[in-house]
Amino acid sequence: MTSPIEYLNGVTTFKGDLLKKELGIFNFKDLLEHYPFRHVDKTKLDKIGSLSLGNEYAQVAGRITKIDILGEGRGRRLTAKLQDDTGEIELVWFQGINWIQKAIEVGHQYLVFGRLGFFIGKPQIAHPEIENFTPQKADGKNYLEPVYPSTEKLKTKGLNGRSIGKLTYGLLQLLAEKDLPENLPESIIKQYKFISHFNACRQIHFPATEKHYLHAVRRLKFEELFFAQLRLGLIKSTRHRFSKGLSFSQVGDLFNSFYNSYLPFELTNAQKRVLKEIRQDAGSGKQMNRLLQGDVGSGKTIVALMLMLIAADNDFQAVLMAPTEILAQQHFNGISKLLKDMPVNVKLLTGSSKGKQRKEVIESCEDGSLNILIGTHAVIEVNVVFKNLGFAVVDEQHKFGVAQRAQLWKKNALPPHVLVMTATPIPRTLALTAYGDLDYSVIDELPPGRQPINTLHRSESARPQVMEFVKEEIAKGRQAYIVYPLIEESSKMDYENLMKGYEEVKSFFPEPKYWISMVHGKQKADVKETNMQRFVKGDTQIMVSTTVIEVGVDVPNASVMVIESAEKFGLSQLHQLRGRVGRGAEKSFCILLTGPKISNDARERLKIMVATNDGFKIAEKDLEIRGPGDIEGTKQSGVLNFKLANIVQDKVILEAARTGAERILDDDPDMVEPAHQPVKNYLQQQKAKTAWSKIS
Ligand code: ADP
Ligand code: MG
């Protein structure tokens with residue numbers, strides 16, 4: 001199965017290179033897993049005369065009556081007219097014109113398939129699949145021919161979606177059952193009435209009937225999900241069973257005196273539960289690698305802090321890594337304040353820590369006098385060496401790459417316990433699938449007394465009224481955020497918009513009655529910090545900013561947020577931004593301003609934002625609208641790039657696969673039982689794939 005693709009009959013070196021470059025097909029197995037996106041029944045032809053807007057695809061057969069080359073430069077194209085008894089359709093090519101010109105001839109019959117369009121009311125197919133047509137006698141049997149994803153480039157080189165099928169057909173002739181051995185336990189096959197792996201691999205390409213095809217798809221989707229779960233689960237189980245970890249065996253003075261004397265509020269039950277889960281884990285002698293989920297404002301930071309105190313109680317250092325300077329600074333300020341009467345040494349390290357100060361921080365890490373280091377990714381630089389790092393927290397983990405997080409593991413001889421915290425919730429199904437190698441905790445409760453944020457959607461034309469409303473809130477002593485989209489950090493236009501917006505805000509809120517802070521990504525750290533601090537202290541009533549305040553910023557007196565061009569933001573980003581208000585006891589508002597043109601998807605997003613404050617619900621919706629590939633925090637993981645399965649649509653199969661995988665992990669994680677041998681063999685074959693997932 002690992003034979004290079006050139007070994008296959010019909011694949012020249014030239015074609016082989018193309019397959020590799022264009023489709024990532026390097027060997028037999030890759031070709032076999034290049035699945036058709038549909039099948040066509042060649043005996044079922046559309047009549048050209050009855051094609052309508054309702055036909056997404058058309059399959060027609062007829063004679064070519066005319067070929068023309070029209071236009072020049074980029075507009076150059078080849079058109080051909082194809083006629084059957086009922087009408088005429090135009091075929092058009094913009095690329096590969098020379099090749100197609102040689103391939104087709106007036107007067108010959110062709111079978112044509114492609115996506116149907118209408119041009120001035122006439123049917124047209126651009127870049128159709130085309131082949132010689134010999135009328136088939138209807139023998140009562142329908143023959144489902146696979147059509148494969150291909151690329152323009154491949155099509156013009158004679159490797160269209162159908163000719164790839166010929167290669168696959170050839171390959172399947174070579175393969176016997178022993179080449180594609182069974183990979184699931186008998187019990188699972190029986191339970192779900194699966195066809196064999198061998199059969200599934202064949203039937204997905206060349207099904208006898210549509211029913212056979214569906215059986216094959218169901219089985220192969222299950223396989224994909226089952227083995228993904230199993231691989232991640234094995235990493236987790238191996239860690240639980242064999243890893244040697246630092247043991248936080250005691251809860252000591254620091255934790256206790258903080259809990260009894262300095263904790264400014266009662267923890268929620270969810271916070272207490274999570275604290276306990278993590279304490280047990282960190283005391284077990286195994287290394288902890290855990291995901292902490294919680295909605296915006298659910299109070300993840302305090303949990304992290306208390307765990308860092310437990311680390312200190314056990315004579316270990318701790319580090320908290322945040323994605324932005326603003327957030328790192330804010331964590332530092334908040335935590336320093338909470339710990340100011342305690343004998344805990346806390347320091348800050350970011351990209352803008354320079355000279356003597358930087359040197360001091362680094363030295364205190366190395367000699368062990370520092371208990372807690374807070375910072376940006378500056379903390380993972382190679383010259384930052386810890387004496388005994390025991391606990392690492394990654395806040396807003398989706399902003400970091402896997403490689404960055406992996407650096408933390410190397411900061412101690414025995415890897416520290418690692419806690420990664422999400423910004424906004426990820427739906428449970430997704431979390432368990434994408435992060436199946438991590439243990440999982442969730443804070444599913446907000447601190448008491450929070451009022452839901454009142455979210456409104458208004459058109460930009462209502463801006464004056466909205467600003468009046470902001471004035472009323474400010475008159476009550478509140479503060480306000482006004483947020484502008486920053487799609488691209490480097491985009492000049494986005495900054496121009498921000499500046500224009502800033503001037504406009506100034507005209508609504510003139511000095512000296514009002515003072516305004518502005519923060520954006522292009523400012524120097526100290527300018528950002530000064531502006532932030534003025535807002536935190538209440539010296540300015542208004543914060544004009546880009547999404548740099550998206551993550552974590554905590555100013556409880558701010559009760560209004562106006563989001564400009566809200567249609568440009570994604571759901572989780574809107575939710576995250578909105579989480580900046582509603583942090584105090586006051587009634588808070590979030591006003592989404594939008595331009596005149598909004599897409600349906602954007603409208604849907606705004607509707608959801610208005611309807612609910614619940615981050616978990618929003619995450620579910622986000623998943624439905626965008627599909628799993630785009631959900632923040634999962635992109636990097638790569639685990640969700642399934643070839644067939646879709647974890648939104650295939651929820652039922654996903655659950656079944658998870659149950660199956662969990663049973664094996666619980667009962668026989670080493671897979672010594674004969675029944676699990678097929679699974680083990682298959683996993684070993686596929687091993688190379690999992691290197692990335694070793695790290696949180
Ligand atoms: P997030 O989970 O979004 O990171 P934070 O940790 O920033 O949330 O907490 C949000 C706010 O809630 C902070 O001001 C924090 O001090 C406060 N907070 C956290 N836990 C509680 C609690 N149990 N009771 C009251 N306020 C709390
Ligand atoms: Mg936070």
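Q: In this predicted model, in which hand does α19 pass α20?
A: In the predicted model, helix α19 passes helix α20 in a right-handed crossing.

Q: What is the angle between them, and how far apart are the axes?
A: Helix α19, residues 571-578, packs with α20 at an angle of about 35°. Their axes are 10 Å apart.

Q: Which residues make that contact?
A: On α19 they are Leu571, Leu574, His575 and Arg578. On α20 they are Arg605, Leu606, Ile608 and Met609. By class, the residues of this contact divide into five nonpolar, one polar and two charged.

Q: How does α20 sit against α21?
A: The axes of α20 (residues 600-611) and α21 (residues 615-626) come within 11 Å and cross at roughly 170°. The two helices are therefore roughly antiparallel to each other.

Q: And which residues are involved there?
A: Helix α20 contributes Asp601, Glu604, Arg605, Ile608 and Met609, while α21 contributes Ile618, Lys621 and Ile625. The contact of α20 with α21 has four nonpolar, no polar and four charged residues.

Q: Changing topic: what is the strand order in the sheet of six strands?
A: The order is β16-β21-β20-β17-β19-β18. This is an open sheet, and its pairing is parallel.

Q: Which strands are at its edges?
A: The edge strands are β16 (454-459) and β18, and each of them pairs on one side only. From one strand to the next, the twist averages 20°.

Q: How many bridges join β16 to β21?
A: Six bridges join β16 to β21, which covers residues 589-594, and the two strands run parallel. Within this pair, Thr455 stands opposite Cys590 in β21.

Q: Which strands of the sheet does α20 touch?
A: Helix α20 packs on the sheet and touches β16 and β21. The direction of α20 makes about 145° with that of β16.

Q: Now the sheet of seven strands: what is the order there?
A: It is an open sheet with the order β11-β12-β10-β13-β14-β9-β15 and parallel pairing.

Q: Why is one side of β11 and of β15 left without a neighbour?
A: Strands β11 (346-349) and β15 (439-443) stand at the edges and each has a single partner strand, so one side of each has no neighbour in the sheet. The twist in this sheet averages 20° from one strand to the next.

Q: How do β9 and β14 pair?
A: Four bridges join β9 (residues 289-294) to β14 (residues 417-421), and these strands run parallel. Asn289 stands opposite Val418 in β14.

Q: Next pair: how do α8 and α22 pack?
A: Helix α8 (residues 210-242) and helix α22 (residues 651-667) pack at an angle of about 40°, with their axes 8 Å apart. That angle makes α8 oblique to α22. The crossing of α8 past α22 is right-handed.

Q: Which residues meet there?
A: Among those in α8 are Phe222, Leu225, Phe226 and Leu230. The residues they meet in α22 include Leu654, Ala657, Ala661 and Ile664. By class, this contact has twelve nonpolar, four polar and three charged residues.

Q: Where is the cis peptide bond?
A: It joins Glu511 and Pro512, with omega at about 0°. Pro512 is placed in the loop between α17 (492-508) and β18 (516-519).

Q: What is phi for Ile120?
A: Phi of Ile120 is near 45°, a positive value in a residue other than glycine. Ile120 lies in the loop between β5 (109-119) and β6 (122-126).

Q: Last point: what is the mean pLDDT of the chain?
A: The mean pLDDT is 88, and 95% of the residues reach 70 or more. Over residues 689-696, however, the pLDDT is below 50. Beyond near neighbours in sequence, that stretch has 21 contacts in the model. Where pLDDT is low, the predicted coordinates should not be read in detail.

Definitions and conventions. Residues are numbered from 1 along each chain as its sequence is written. Chains are lettered from A and ligands numbered from 1 in the order in which they are written. This is a predicted model: local features need pLDDT of at least 70, side-chain atom pairs count only at pLDDT 80 or more; totals for chains, interfaces and linings use all residues. Side-chain values use heavy atoms; hydrogens and water are left out. Axes are lines fitted to C-alpha atoms, for helices over the stretch in contact, and angles run from 0 to 180 degrees between N-to-C directions. Angles under 35 degrees count as roughly parallel, over 145 as roughly antiparallel, 65 to 115 as roughly perpendicular and the rest as oblique. A crossing is left-handed if the near helix is turned anticlockwise from the far one by less than a right angle, and right-handed if clockwise. Contact means heavy atoms within 4.5 Å. Ala, Val, Leu, Ile, Met, Phe, Trp, Tyr, Cys and Pro count as nonpolar, Asp, Glu, Lys and Arg as charged, and the others, Gly among them, as polar. Two strands pair if DSSP finds at least two bridges between them. pLDDT is the predictor's confidence in each residue, from 0 to 100.
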